[in-house]
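Dear colleague,

Please find the structure below, handed over for your use. My findings on its helix packing follow directly after it.

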Amino acid sequence: MAGRSRTGKVVFFGTPEIAVPPLDALVESGRRPALVVTQTAKPAGRGQGVQEPPVAARARELGIEVAQPATLKEEAFLARLEETAPDVAVVVAYGKIFPPPLLELPRHGCVNLHLSLLPRYRGAAPIQAALLHGDKKTGVTTMRMEEELDAGPILLQEEVPIRLHETAGELAERLAPIGAALLVETLDQLDRGKLKERRQRDESVSYARRIEKSDGRADWALSAEELYNRVRAFDPWPGVSSHFRNRPVKIVWGVPMDWEDAPMGGTGTFLGLRQGRIAVLAGDSTVFGIEELQRPGKKVLRASDFANGERMRVGERFA
């Protein structure tokens, strides 16, 4: 494309740690954002001290101006953005819906990096959704934003295999730089006028709702495979927790187990210590082997150490 670059002036929207590599990639590619927009600082941790979002902290390290509007409909913020006059807005896990005036403000629209193979898993938690469903692959997608959530036309995609035993935290850490490179390539192709947009297929749409703390409660009526997927999907947050002897315990890690005989008892029943694992009866007569556990405020224990320390008896149940 002759003349001015389509992506000459960039405004970056992002909030969590996973959005930091894309921000760094923009800077390294020569597309230093004129402004970085993140959500406001919020209480975090046990002390509930106010903590700056990772993207805001990184932007300040890079010497980039930061805006943290309470809402994207704020007139003062929209006026500030209009004065900035961005050519394109780049959005990575910002965490709020864009109102139409904001979508229309950049000269060449808003480009979103989404960590799934759209139209699969639109929404807030695509990485967790892929693991919850036991998917063998996922990917990253760049798309042009529209009013409907994650429904805009696809620009570029890259497929990524999910590794054996990979957790949400590990997968997110691996996807972030892959997505960052795809984002830069998207802007490069936009500059050269080579992008070919394609509409998402409505019949293939699925959604990934926001994960809540209550999702981490262990449901022993689920199969061992489903429990295993939850342990992976909810690591590092909110984790999977149960109760044993009326006290909470976190299931740090566990896997499905083969069981020679038909297991007896109700779901959640402790069947014995086998292969260094606490064997628990799950749904569909499957067996889940807990390898690591943690009482609140205590260190993580191997299953054998926990079982011996608690003097667990066969037939006791996890609630």
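Helix α1 passes helix α6 in a right-handed crossing (right-handed if the near helix is turned clockwise from the far one by less than a right angle, left-handed if anticlockwise). The axes of α1 and α6 come within 8 Å and cross at roughly 40°, which makes α1 oblique to α6. Angles under 35 degrees count as roughly parallel, over 145 as roughly antiparallel, 65 to 115 as roughly perpendicular and the rest as oblique. The contact (heavy atoms within 4.5 Å) is made by P21, P22, A25 and L26 of α1 with A176, P177, A180, L183, V184 and L187 of α6.

This is a predicted model, in which local features need pLDDT of at least 70 and side-chain atom pairs count only at pLDDT 80 or more, while totals for chains, interfaces and linings use all residues. Residues are numbered from 1 along each chain as its sequence is written, and side-chain values use heavy atoms, with hydrogens and water left out.

Helix α1 (residues 20-28) also packs against helix α2 (residues 54-61), at an angle of about 25° and with the axes 9 Å apart. The two are therefore roughly parallel to each other. V20, L23 and D24 of α1 meet P54, V55, R58 and A59 of α2 in this contact.

Within α6, a kink of about 25° lies at L175, shortly before the proline P177; the bend at a residue is the angle between axes fitted to the seven residues ending there and the seven starting there. Just after α6, G193 takes a positive phi of about 70°.

Yours sincerely

Methods:
Axes fitted to C-alpha atoms, helices over the stretch in contact; angles between N-to-C directions. Helix = DSSP H or I, 4+ residues; strand = E, 2+ residues; numbered from the N terminus.
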